[in-house]
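Here is a short briefing to read beside the coordinates.

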Amino acid sequence: MTLSSPVFRAVATCVVPEASRFDAAQWDEMAAIVARAIAARPRAMQRQLALFLILLEWFPLVRYGRRLSRLDPARRTKFLDRLQRSPLLLLRRGFWGVRTLVLMGYYGRPAAAAEIGYRADARGWEARR
Amino acid sequence: MSTSRSYDIVIIGSGAGGGTVAQELAPLVRDGVRILVLEKGPRFADQEFTGRELEMADALYQDGGAFLTRDGTMTLAFASAYGGSTVVYTGTSLTAPQRVIRAWGVPGLEHADLTRRSAKYAEQNNVHALDDPLINDNNRLFVEGGRKAGYLVEQFPVNVKGCRGSSLCNLGCPNQAKQGTNRVQLPRAERAGVEVVTRAEVLRIEPDRTLTVRVSQKAAGTKGAPSEWAPGDYAVRARIVVAAAGAIGTSALLLRSPLPAPRSLGHGFTCHPALILVAEHPRPITNDVGHPKSYFVDHGASERFVLETCVYFPFVTAKSLTGFGATHSAIMHAFPRLQMILILACDHVASGNRIAVSRTGSPIVHYRFTPETIDGLVRGTRAAARIFFAAGARRVHAPADPPLLEIADADRLEERVTASSFRPGMLAVSAAHLMGGCGMGRTAADSVTDAWGRVHGLPWLRVADASLFPDSLEINPYLTIMGLADRVAEGVRRDLAVVRD
């Protein structure tokens, strides 16, 4: 299970709908940011994440008869929303972790800062005058 | 095979505690006392503070600012750098409330003494209230909204000199305006002859006062200067050791050292769990320019929360919002119109909330949210929402179901914002005020150190950081850490005088 796998992209486009308009280079940029963050984490956590992504892909099969990456966006969103509200801490935490990685990959890109209008500058007030 | 070195005093850590002790003991160098500061993180050059979010978070913070508690429901932010967490705080400078120090009940620790010492560092660090023209809309709206909603809004004194308003304090000031120990106390100590070695992690302290130190190599392509010592393992002998590696670092170090430490070591961890709330205004406001944290509302005593102005960077803001998808994206794309408030819960010592170490010696933080802490976050969220709406915001994004509070919800916040939406694992709760683990007290039966930071039963070992706090401080802690560290330095001077006599 890699960051370029269909399930990661399926989650990413649900978490940040704008990612569905990404071209290959933008996906690569996002994946590189996330890969760097994961590489800095302990091995055990990396294994948990890989396992959770597999579970994410196959869980919906039970309810919807399809893997997550094959679900339509509305059902995918519904499924992920259930996960984030799950009574099981393990599932809430797992989704929270994947969601955080997606947001890091998306909003960690310099282009995203410009896109949302974030303009902080080391020169502070001087840069605004 | 390790290299041996010998010093009179070794200080572990260079933040608010270690930096202060280093400066206060520095005059002893003239008398031939050899003093060493060991800092785990690197020393950064001025031009390395770029303000780029992920790059600086990786360089300055442990785990990029996302050190997870054991059950994964909260992230802890603490720096690893020359200057410790003083490199990444916003410089907000408050002295300890009298009611808190009284409640701590540490024999020999008087509020007046702590205040006097903290004031010394406030002066040294150029602490003052920012002039009005430097205040941005994000802060101004907090003042206006807070007053309209009936709250007492106070201005933070801050320790800046020549602040240009980059808003990037938490990523290390790119203009060297913030007067942390990296700018004030450590350079003074070094000029007086104190030796500071960076990238030097203390693995353990032996009962014979030998420290096992590992100096790491600077990895290719990373920020920071190489260590002053050659990479490798060192055995550093010391007559007096001062542990000031922060609440987590110091507690973990003492726990993995074969020392007869008091039983409560690692216990009593508190951290002011915090939530970032945002609200959307109808027009653009200045938020990502100017000092980010100029005002606060303190309801610590009555409702267990403190509200502070804040502004964060794109990724931190994104992960702090509840939920995902179109609503989340819409709020993010409204960034130039966003007002932000940080809610800090005034948590208290709870059984089981503690610092431990893994089999390999790495720190593990056990933390569970008590109903009282959750209640503090809920009440704080309602108060923040009142302030946002009173300031003219048209919607507030908060932990609620659904997460967008509209103006029509302003009159029914008790109904809309309830504890049921504050479930661990569903919220981005983070904490940067890490306290406790080596609490002060009377004896080894109830604490780890005495009121002067001396570890019970180990007179040569002192602690000088926020791990000394026997309970949470309920305000931003750095000036209190400096005040306590000043007492530790005085204690060390007394010890040395006794040895000489």
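In chain A, residues 24 or more positions apart account for 58% of the contacts with a separation of 6 or more; contact means heavy atoms within 4.5 Å. This is a predicted model: local features need pLDDT of at least 70, side-chain atom pairs count only at pLDDT 80 or more, and totals for chains, interfaces and linings use all residues. Residues are numbered from 1 along each chain as its sequence is written, chains are lettered from A and ligands numbered from 1 in the order in which they are written, and side-chain values use heavy atoms, with hydrogens and water left out.

**Confidence**

- The model scores ipTM 0.96 and pTM 0.96.
- Chain B has a mean pLDDT of 96, and 99% of its residues reach 70 or more. Here pLDDT is the predictor's confidence in each residue, from 0 to 100.

**Chain A overall**

- Chain A has six helices and zero strands. Helices (H or I, at least four residues) and strands (E, at least two) are DSSP runs, numbered from the N terminus.
- Along the sequence, the pattern of chain A reads α-α-α-α-α-α.
- Taken along the principal axes, the C-alpha atoms of chain A fill a box of roughly 60 × 35 × 30 Å.
- Chain A has 129 residues, of which 47% count as buried. Buried means under 20% relative accessible area, exposed over 50%, and partly exposed in between (1.4 Å probe, protein chains only).

- Two packed helices are described by the angle between their axes and the distance between the axes. Axes are lines fitted to C-alpha atoms, for helices over the stretch in contact, and angles run from 0 to 180 degrees between N-to-C directions.
- Angles under 35 degrees count as roughly parallel, over 145 as roughly antiparallel, 65 to 115 as roughly perpendicular and the rest as oblique.

*Helix 1 with helix 4*

- The axes of helix 1 (residues 6–15) of chain A and helix 4 (residues 73–84) of chain A cross at roughly 85° and come within 10 Å. That makes helix 1 of chain A roughly perpendicular to helix 4 of chain A.
- From helix 1 of chain A, A:Ala10, A:Val11, A:Thr13 and A:Cys14 meet A:Pro73, A:Arg76, A:Thr77 and A:Leu80 of helix 4 of chain A.
- The residues of this contact divide into five nonpolar, two polar and one charged. Ala, Val, Leu, Ile, Met, Phe, Trp, Tyr, Cys and Pro count as nonpolar, Asp, Glu, Lys and Arg as charged, and the others, Gly among them, as polar.

*Helix 1 with helix 5*

- Helix 1 of chain A and helix 5 of chain A pack at about 75°, with axes 10 Å apart. That makes helix 1 of chain A roughly perpendicular to helix 5 of chain A.
- Helix 1 of chain A contributes A:Phe8, A:Val11, A:Ala12 and A:Val15, while helix 5 of chain A contributes A:Phe95, A:Val98, A:Arg99, A:Val102 and A:Leu103.
- By class, the contact of helix 1 with helix 5 of chain A has eight nonpolar, no polar and one charged residues.

*Helix 2 with helix 5*

- The axes of helix 2 (residues 24–39) of chain A and helix 5 (residues 89–107) of chain A come within 8 Å and cross at roughly 130°. The two helices of chain A are therefore oblique to each other.
- A:Met30, A:Ile33, A:Val34, A:Ala37 and A:Ile38 of helix 2 of chain A meet A:Leu101, A:Val102, A:Met104, A:Gly105 and A:Tyr106 of helix 5 of chain A. These residues divide into nine nonpolar, one polar and no charged.

**Sites in chain B**

- B:Lys120 sits in helix 4 (residues 111–124) of chain B. B:Lys120 is partly exposed, at 34% relative accessible area.
- B:Lys120 touches B:Glu24 and B:Asp486, not counting residues up to four places away in sequence.
- B:Lys120 and B:Met482 are 362 residues apart in sequence, yet 9.3 Å apart in space, C-alpha to C-alpha.
- The peptide bond from B:Asp401 to B:Pro402 is cis, with omega near -5°. B:Pro402 lies in the loop between strand 16 (395–397) and strand 17 (404–406) of chain B.
- B:Ser167 is not a glycine, but has a positive phi of about 70°. B:Ser167 counts as buried, at 3% relative accessibility.
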